[in-house]
Amino acid sequence: MSELLFYEKPVALNRERHKKLRLKAMDDGFAFSAGVNSVPLAAIEFFEASRDMTVLFQKGADGHFFPVVMMSLSNSGHALVDPQGRWQGSYVPAFIRRYPFALASDGTVCIDEKSRAFSETEGELLFTEDGHAPALDSALAFMRGFDTEMRRTREFCDGLAQKGLLAPFEVEVRPRDGGRAVRLQGLHAVSTQKFSELRGDTLELWFTKSWVAWIYAHLHSIGALAKLSSDKTPTSLTH
């Protein structure tokens, strides 16, 4: 999966190169995310996200499954941000909230140098003479927490795959005005039949790991598919 959606110029954060850099609120809020229809999601986020978005699974280039939160049934973006960049949904995924920072797989802190969240004249400094400023420490704590949850999510997805619980899930959006149907492919969902067949030690272990709860949250989120249809273009859904 792409770890750096939205990032125009990702570079490693460097104390000397970025010593004058300041972090500020972006005037256009979350507008940077408007061009995608989904982002990766940590399993611990399933509960909050399921209120108005759908959680499904994709297979990455490495052969491992990972969860994505569907913010739209369009291939060209989503409408959960208004023209001013204000978020219109009830939950903002952590993958979006971490921007303009990112943590590489080797632990390197990266930033989008072109992000409008950075300035040399406004906002809070990232570095002080002694080290990290509070703004950077806060960003690092958030990213490390997110990274920890994504590792737990990877284990969860591998467990689902090993037990054969992930089944193909295709969504077709049919506009009632006669427009061309759009089919979203390459998605997977937990098979309720396979899930119901879990027994004994496996089921007990999955309870203790919170995996059972995550599965129920994922299955519940599928009901939000209808909410993702555009109010301006009524649709019917088949999967």
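**Group meeting: strands, a loop and a helix pair**

Let's start with K114. K114 is exposed, because its relative accessible area is 51% and exposed means over 50%. One thing before I go on: this is a predicted model.

Where does K114 sit? It lies in the loop that links β7, residues 109-112, to β8. What does K114 touch, once neighbours within four places in sequence are set aside? The answer is E8 and K9. P10 also comes into this. K114 and P10 are 104 residues apart along the chain, and 8.2 Å separates their C-alpha atoms.

Now P10 itself. P10 belongs to strand β1, residues 10-12, which is joined to β7 by three bridges. The two strands run antiparallel.

Which way do its residues point? V109 and I111 go one way, C110 and D112 the other. All four of these are buried.

β7 has another partner. That is β6, residues 101-103. Three bridges hold this pair, again in the antiparallel sense. β6 and β7 form a hairpin, with five residues between the strands. In that hairpin, G107 takes a positive phi near 90°.

Next, follow the loop with K114 to its other end, at β8. β8 is part of an open sheet of three strands. What is the order? It goes β8-β2-β9, with antiparallel pairing. The edges are β8, at 118-119, and β9, at 124-125. Each edge strand pairs on one side only. β2 covers residues 22-23, and two bridges join it to β8. For R22, the bridge partner in β8 is S119.

Last topic: helices. Two packed helices are described by the angle between their axes and the distance between the axes. Here the pair is α3, residues 134-162, and α6, residues 211-221. Their axes are 11 Å apart, at an angle of about 80°. Angles of 65 to 115 degrees count as roughly perpendicular, so α3 and α6 are roughly perpendicular to each other. Who makes the contact? From α3 come R152, E155, F156, G159 and L160. From α6 come W211, W214 and I215. By class, that contact has five nonpolar residues, one polar and two charged.

To recap on K114: an exposed residue, placed in the loop between β7 and β8, and in contact with E8 and K9.

Note on methods:
Residues numbered from 1 in each chain as written. Predicted model: local features only at pLDDT ≥ 70, side-chain atom pairs only at ≥ 80, totals over all residues. Heavy atoms only, no water. Pairing = 2+ DSSP bridges. Helix = DSSP H or I, 4+ residues; strand = E, 2+ residues; numbered from the N terminus. Buried < 20%, exposed > 50% of the residue type's maximum accessible area, 1.4 Å probe, protein only. Contact = heavy atoms within 4.5 Å. Axes fitted to C-alpha atoms, helices over the stretch in contact; angles between N-to-C directions. Parallel < 35°, antiparallel > 145°, perpendicular 65-115°, else oblique. Nonpolar A, V, L, I, M, F, W, Y, C, P; charged D, E, K, R; others polar.
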